[in-house]
Amino acid sequence: LDLRKRQVLIFLVLLGLSRADTESAHYSVAEETEIGSFVANLARDLGLGVEELSSREARVVSDDNKKYLHLDLLTGDLLLNEKLDRDELCGSTEPCVLHFQVVLENPLQFFRVELHVKDINDHSPTFLDKEILIKISEGTTIGTTFLMESAQDLDVGSNSLQNYTISPNSHFHIKIPDSSDRKIYPELVLDRALDYEQEAELRLTLTALDGGSPPKSGTTLVLIKVLDINDNAPEFPQSLYEVQVPEDRPIGSWIVTISAKDLDAGNYGKISYTFFHASEDIRKTFEINPISGEVNLRSPLDFEVIQSYTINIQATDGGGLSGKCTLLVKVMDINDNPPEVTISSITKRIPENASETLVALFSVVDQDSGDNGRMICSIQDNLPFFLKPTFKNFFTLVSEKALDRESQAEYNITITVTDLGTPRLKTEYNITVLVSDVNDNAPAFTRTSYTLFVRENNSPALHIGSVSATDRDSGTNAQVTYSLLPSQDPHLPLASLVSINADNGHLFALRSLDYEALQGFEFRVGAADRGSPALSSEALVRVLVLDANDNSPFVLYPLQNGSAPCTELVPRAAEPGYLVTKVVAVDGDSGQNAWLSYQLLKATEPGLFGVWAHNGEVRTARLLSERDAAKHRLVVLVKDNGEPPRSATATLHVLLVDGFSQPYLPLPEAALAQAQNDSLTIYLVVALASVSSLFLLSVLLFVAVRLCRRSRAASVGRCSVPEGPFPGHLVDVSGTRTLSQSYQYEVCL
C-alpha cells in the first residue's frame with residue numbers, strides 16, 4: 001500500500017462494525033402490496049420516540065441503494081415506497097429477504113432490518129414450446145419413459161409447479177420422478193405398445209398445475225410420432241461436462257462440443273442435439289448446433305448476475321431414441337465493475353472553529369467478487385480530513401481539527417475507491433467543502449504609525465490624509481469602522497482639530513491651522529470590525545503643520561514705532577568698511593520663509609554707505625570727506641525668502657562728526673533761534689567751552705604721556721583704548737545691548 005495515502009481497506013464480507021447496533025428487526029409483506037401500505041411502526045419497535053427519529057435525521061438505507069421503503073418521521077411508520085415483485089427481486093431464491101439499515105445521527109447509530117417478501121400465486125405455469133415433438137419406435141417396450149419439456153412457474157413454495165396431467169388416452173400416462181434439485185419434471189410412460197401401421201401419430205395435451213388456491217395451469221401440445229424399430233439409443237461418453245468461461249467472452253464464441261454415439265446405421269444412426277429442461281436464461285445465453293453438438297455463446301455473460309449454468313443436452317437419433325448429459329458452465333469473474341460510491345448525507349459548509357465535524361456519510365460497493373470486489377478507500381494526503389469506517393461498507397468523512405478560513409476557504413476532497421483486481425479499477429467522487437467564517441481576526445492597519453503633512457492656513461474640512469485597516473475575516477466580520485481615540489494630552493483639543501470618516505478612514509482638518517501656534521500634534525485612531533464580539537486595533541497618527549509665508553519681517557532695531565529717530569554717529573575719519581550700525585530683524589515663519597536678506601533701498605548720498613545682504617550690517621563704502629553732508633538718511637529693505645516674498649523697511653539717520661568729544665548739538669537753525677531768545681546762554685556756553693578746552697588739554701597731555709610710556713614697553717603697532725564709558729547714545733542692536741569689541745576699537749581709532 002502507498003504510505004503517502006491514508007487508505008481504508010473494506011472487506012464487504014464483514015458482518016458489522018463496533019458502532020452498529022447488533023439487533024435486527026424482522027418484518028414481512030406480501031408481494032404486489034400497494035404503495036404506501038403499512039409495514040411496521042419502527043419507532044415503537046426500536047424503542048425510540050417519534051421526536052427522536054426526527055431530531056436524529058433517521059433514514060432507511062438499503063444494501064442495493066434502492067428506496068423500497070419510506071420512513072414517516074411524523075408517525076414513525078415504515079411504509080412501502082413501491083410495489084415489490086418477489087419474482088423479480090429474488091427469482092427462485094426462497095425465502096426472499098431484503099436487507100436494510102436504519103441510520104440515526106448525533107450520535108451515529110445503525111439498526112438492521114430484514115423484510116421478508118412473501119410470494120402470492122400471480123403466475124401461471126407456462127411451457128416455452130407450444131408443441132413437444134416425441135418420436136417413439138413401435139418396438140418400444142411397455143413401461144418405457146420419455147423425457148418431456150417441463151413448464152416454468154416464477155412462483156415459489158406451494159404456489160410453484162406441483163403436478164402434470166395429460167389428456168386421456170390408452171397408450172400413455174404421466175410420471176413425476178424424484179429429482180435431486182426438487183424440481184418437477186414430467187416423464188411420458190408407455191402403457192400400451194404402439195402400432196405404426198394402426199396409428200402413426202398421436203396428439204395429446206400436457207397440462208401443468210401449480211399449488212395455488214385456486215390453482216393455475218398451463219398447457220402445451222404433445223405430438224407423438226411412431227417410428228419404425230430402432231433398438232440403439234445415442235450414448236454420451238460422460239454424463240457431466242464442466243467448462244469455465246470468462247464473463248468477457250465475446251458473443252458467438254465457441255464454448256464446448258458435445259458428441260454422442262449411436263450404433264445404429266442409416267437414419268437411425270443420425271444424431272441431433274437439443275437443449276431440454278432449459279430455462280429461458282439458458283436459451284437466451286447459449287445455442288447448440290443440432291448436427292455438430294457445438295455449444296456457442298449467444299448473449300453476453302455477467303458473473304454478477306449468474307455465476308453458473310446447468311444445461312441438460314439431449315441427443316436424439318433418427319429412430320427417436322435419445323440420450324442425455326449435463327453441461328455445467330461456470331462463469332469466471334473478471335474485474336469489469338468499478339466500485340460504486342453512494343452518498344447518504346453531506347454537509348457542504350462547516351464553521352472554521354469546529355473540530356471533528358461530520359462532512360459526509362457514504363457507502364461503497366463493488367459487484368465483482370474475490371479480490372476484484374475488495375476495495376481500498378482513501379482521500380488526498382494533505383487535507384485536514386480523515387475517513388472513518390462505521391458499519392459494514394459505510395464510511396464517514398470527518399474534519400480532523402479546527403480549520404482556518406483565512407488560510408483556505410474551500411477544500412476540494414476527492415474520495416478515491418480502488419478495488420484489488422487486475423487491472424485495478426477506481427471510482428472518484430468529489431466533494432467541495434466551504435469553510436464559514438467566524439470573527440477570529442482583528443482589523444490590522446497597513447502601518448503602525450502615519451505621518452500627515454498639512455500646510456498652515458488650510459481651509460476647514462480639508463482632507464489631510466487617510467488611514468486604512470484590513471480584516472482577514474469576511475462578511476460583517478470584515479466590515480471595519482474607524483474612530484478617534486481619546487487623546488492622552490489633556491491640553492490638546494483633538495475634537496476641534498480633526499475628524500475621521502467612520503467608513504473609509506479619511507481624516508479631515510476641522511479648522512485652519514497656524515504653524516506659529518501649533519507645529520504638530522499626534523493622536524491615535526481605532527479600527528473595529530462588526531463581528532460578535534467585535535475586535536479592534538489602533539494606530540498612531542502624527543500631523544505636522546507646514547509653514548507658509550504669512551509673516552512679514554519685523555525690524556527690532558532701529559525701532560520703527562514713530563518716536564524720535566535714533567541717530568548713528570560716524571567719525572569723518574572712519575575707514576572704508578567702518579561699521580555704522582546693524583539692522584536687526586526677525587521673521588515669525590520658519591525655514592526659507594525666515595531667511596532674511598538686506599539691501600539699501602534709498603540713501604541721501606548713494607555710494608557712501610552699503611548694507612551687507614546677510615547680516616544687515618551698515619558700513620561705509622569709501623573715505624569720508626569734508627564735502628560730504630553731515631546728516632544722512634538711509635532706508636534699508638528687509639526681505640524674506642518665501643514665495644511670494646514679504647518685506648519691511650527700516651529708516652536710519654546717520655550724523656557725520658569730527659570726533660566723539662564734540663557733543664551732539666541741535667541743528668544750527670534751532671541754536672540761532674534759541675540764542676536770540678536767551679543771550680545769557682551764549683555766555684554760559686563760551687565759559688563752558690573755555691573750561692572744557694582747558695580740561696581737554698590736560699587730559700590730552702596726560703594721555704600722551706601714558707601713551708609714550710606704554711609704547712616703550714609694548715610692541716610696535718599696539719594701540720591704547722581710552723578708558724571710561726562711551727557716550728550713552730551709542731547702542732548695539734545685536735541683542736546684548738553693548739557694542740562689539742571691533743566697533744569699540746574702530747571708534748577709538
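**Notebook: a predicted model, looked up piece by piece**

I began with Thr390, which is buried, with a relative accessible area of 1%. For me, buried means under 20% relative accessible area, exposed means over 50%, and partly exposed lies in between (1.4 Å probe, protein chains only). This is a predicted model, where local features need pLDDT of at least 70, side-chain atom pairs count only at pLDDT 80 or more, and totals for chains, interfaces and linings use all residues. Residues are numbered from 1 along each chain as its sequence is written, and side-chain values use heavy atoms, with hydrogens and water left out.

**Entry: around Thr390**

I placed Thr390 in the loop between β27 and β28. Helices (H or I, at least four residues) and strands (E, at least two) are DSSP runs, numbered from the N terminus. Then I checked a distance. The C-alpha atoms of Thr390 and Phe110 are separated by 9.1 Å, and the two residues are 280 residues apart along the chain.

Next I followed the strands on both sides of the loop. Strand β27 covers residues 385-389 and strand β28 covers residues 394-399; they pair in the antiparallel sense over five bridges. Two strands pair if DSSP finds at least two bridges between them. Phe385 stands opposite Ser399 in β28. The two strands form a hairpin, with four residues between them. In the turn I noted Lys392, which has a positive phi of about 55 degrees.

**Entry: two open sheets**

A reminder to myself: strands of a sheet pair through backbone hydrogen bonds, either parallel or antiparallel.

I looked at a sheet of three strands. It is open, its order is β10-β13-β12, and its pairing is antiparallel. The edge strands are β10 (145-147) and β12 (172-175), and each pairs on one side only. On average, neighbouring strands of this sheet are turned by 30 degrees against each other, direction ignored. Axes here are lines fitted to C-alpha atoms, for helices over the stretch in contact, and angles run from 0 to 180 degrees between N-to-C directions. I also counted four bridges between β12 and strand β13 (residues 187-190). Ile174 stands opposite Leu188 in β13.

I then turned to a sheet of four strands. It is open too, in the order β16-β22-β21-β18, and the pairing is mixed. Its edge strands are β16 (240-246) and β18 (271-276). β16 and strand β22 (residues 322-332) run parallel and are joined by seven bridges. Which residue is the bridge partner of Tyr241 in β22? I found Leu327 there.

**Entry: the core**

In soluble globular proteins, nonpolar side chains tend to be buried together. I looked up the largest nonpolar core, and it has 28 residues. A nonpolar core is a set of buried Ala, Val, Leu, Ile, Met, Phe, Trp, Tyr and Cys residues joined through side-chain atoms within 4.5 Å. Among the residues with the most contacts inside the core are Tyr27, Phe100 and Leu115. Elements that each supply at least two residues of this core include β2 (20-30), α1 (42-46) and β8 (109-118). Strand β7 gives the most, with five residues.

**Entry: salt bridges**

How many salt bridges does the structure hold? I noted 17. A salt bridge is a side-chain nitrogen of Lys or Arg within 4 Å of a carboxyl oxygen of Asp or Glu.

Glu105 forms one with Arg59, and the closest N and O atoms are 2.8 Å apart. Glu105 lies in the loop between β7 and β8 and Arg59 in strand β4 (residues 59-62), so the pair ties together parts that are 46 residues apart in sequence. Both residues are buried.

Arg619 forms a salt bridge with Glu617, the closest N and O atoms being 2.7 Å apart. These two are buried as well.

Asp371 forms a salt bridge with Arg374, with the closest N and O atoms 2.3 Å apart. Asp371 is partly exposed, at a relative accessible area of 44%. Arg374 counts as partly exposed at 31%.

I also noted a network of salt bridges that links Asp129, Glu149 and Arg283.
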